[in-house]
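Hello,

Here is the structure I promised to pass on. My notes follow below it.

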Amino acid sequence: MNTIEFLQISSAVVPDREALVEVGGNNKRITYAEMYPAVVKLANALTALGVERGQKIATMSVNSADYVITYYACAMLGVCFVPLNYRAKDEELSHMLNVSNCQAVLVSDRYIEIVERIRGTLTSTQHFIAYDSKHDNYLDYDRIVAEASDDEPWVEIDDHDPTILIFTSGTTALPKGVQLTYLDMTVYVTNQPPADPEIHDKVLVSAPFFHVAGATAMMLAIWSGRTLVILPAFTPEGWLQAVHEERTTHAFVVPTMLKRIMETPDFEKYDISSMRQITYGAAPMPYEVVRRACDIFPPRGCGLINAYGQTESTATLTFLGPEDHDLSTETAVKESRLRSVGKPMPDVEIGIMDERNRLLPPGEEGEICVRSDRVMKGYYKQEDATSSAIIDGWLHTGDVGKVDEGGYLFITGRKKDLIIRGGENISPGEIENCLEAHPAIEEAAVIGVPDQDWGEVVKAVVVLKPGQSITPGEITEYCKSRLSSFKAPQYVAVVNELPRNPMGKVLKNDLRKAYGTATNDHV
């Protein structure tokens with residue numbers, strides 16, 4: 001199924017409903033009846049530039065209505081869409097455009113300067129299109145759309161053709177391009193019901209569209225006939241104002257966003273009674289934050305969902321549902337499960353494997369592996385990386401975890417982050433959870449540092465709560481009272497904040513570079 005059919009179906013079922021609403025700036029409002037012709041005209045404009053099925057088009061922009069229209073125009077033509085991470089370094093952006101052989105790139109005003117810096121390094125990009133203002137040596141988006149034909153193009157695609165190429169963040173090397181196919185996206189979105197004239201939900205999206213969480217949001221919203229309320233740049237006040245004014249019903253946030261929303265000084269002045277469901281994910285959620293969220297949102301009638309997944313799996317693999325966040329009953333059991341990422345989606349099989357790729361029984365820790373019809377086609381032009389990630393039909397996530405007897409998945413760390421102390425494998429996640437339960441510690445990350453006797457030992461990098469202090473000895477003794485003694489941190493660094501990527505994941509490599517010595521720092 002071509003993903004353009006998501007829009008065609010919804011345009012027929014709910015034509016007068018608003019499809020795209022921009023807030024916090026342009027305040028653009030587009031109905032389904034208006035969106036489809038706009039997609040047709042952009043598709044024809046791209047065709048006029050010589051863009052054909054199987055080629056690639058990139059975008060360099062914050063979230064916008066035109067961004068979504070661009071994706072669906074590409075889908076209509078069987079063209080692979082390449083959303084660029086505008087926070088990437090120049091060399092990474094050049095790599096993404098060159099390795100994917102993008103024929104054109106569409107750019108918003110705020111990123112023109114960046115594109116100009118790398119323009120001379122680009123080997124295949126022939127057309128540069130400006131979304132907003134007019135710029136020398138750029139085609140004007142509004143003009144080429146206005147001058148394009150209204151005739152509907154028809155291009156036959158294969159379900160296994162890639163519809164979107166998302167580059168994963170390159171924390172250790174240049175980014176890898178994850179190929180997600182039309183089938184991947186179709187299997188994912190059809191877990192939800194299609195557009196219904198009697199049901200009108202509004203989804204607030206603040207995760208960037210270059211991330212799989214943002215990309216799948218613009219697929220699922222259109223398939224379901226929802227109004228996609230687009231926040232170009234996240235601020236907690238802007239998010240709350242959008243909920244208040246647009247009466248949104250659903251949203252996806254990363255943990256740091258949810259924390260900042262709850263900490264907004266004027267939180268209570270906003271009316272969030274329309275919100276029925278907030279999904280959080282893309283990075284580990286500190287227990288203290290989700291525990292506080294359980295006291296704030298479910299009592300207001302807003303369910304919480306923890307979604308765990310990867311770009312390589314077309315987003316969500318497991319979810320911890322609203323009933324697990326409702327602590328009004330079975331409080332102790334549910335509080336323990338808040339540290340999990342829930343149970344598998346209906347179309348996902350989870351397996352925990354050892355180093356020899358053998359499935360392990362419940363309760364044993366190993367690498368989290370998955371089987372599903374929406375596992376990526378592979379890494380673009382990287383056969384070795386693909387064959388290492390997908391073995392005998394199982395996607396090896398690189399995450400380490402275990403499944404309890406109730407079927408709940410607990411993530412304990414990353415395989416590459418495992419600390420091997422004297423032959424003992426130590427998962428940082430377990431220690432981080434322990435540290436974040438300490439009354440003086442706001443956040444914690446754990447890394448391994450070299451040791452002459454043990455090979456590696458544990459080092460904790462912590463952010464303290466305001467006004468708090470702590471000694472390395474206190475941290476060590478605290479952990480020894482709750483964990484096996486060999487897991488207790490031997491060294492400690494106190495920092496003002498943990499380095500994170502745009503989706504809130506802690507950058508362990510940055511921590512290793514800054515604090516990867518067997519010393520206590522800033523304590």
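In this predicted model, 9 strands form an open sheet with mixed pairing, in the order β2-β1-β11-β10-β12-β13-β14-β15-β16. Strands are DSSP E runs of at least two residues, helices H or I runs of at least four, numbered from the N terminus; two strands pair if DSSP finds at least two bridges between them. β2 (29-31) and β16 (343-344) are the edges; each has a single partner strand, so one side of each lacks a neighbour in the sheet.

β10 (202-205) and β11 (227-230) pair in the parallel sense over 4 bridges. Leu-204 has Val-229 in β11 as its bridge partner.

Residues are numbered from 1 along each chain as its sequence is written. Local features need pLDDT of at least 70 and side-chain atom pairs 80 or more, while totals for chains, interfaces and linings use all residues; side-chain values use heavy atoms, without hydrogens and water.

There are 28 salt bridges (a Lys or Arg side-chain nitrogen within 4 Å of an Asp or Glu carboxyl oxygen).

- Arg-291 and Asp-295 meet at 2.8 Å, N to O. They are 4 residues apart in helix α11 (287-296), separated by about one helical turn.
- Asp-347 and Arg-374 meet at 2.7 Å, N to O. Arg-374 is buried (under 20% relative accessible area; exposed is over 50%, partly exposed in between; 1.4 Å probe, protein chains only), at 0%.
- Lys-415 pairs with Glu-355, closest N and O atoms 3.9 Å apart. Lys-415 is partly exposed at 33%; Glu-355 is exposed at 60%.

Best wishes
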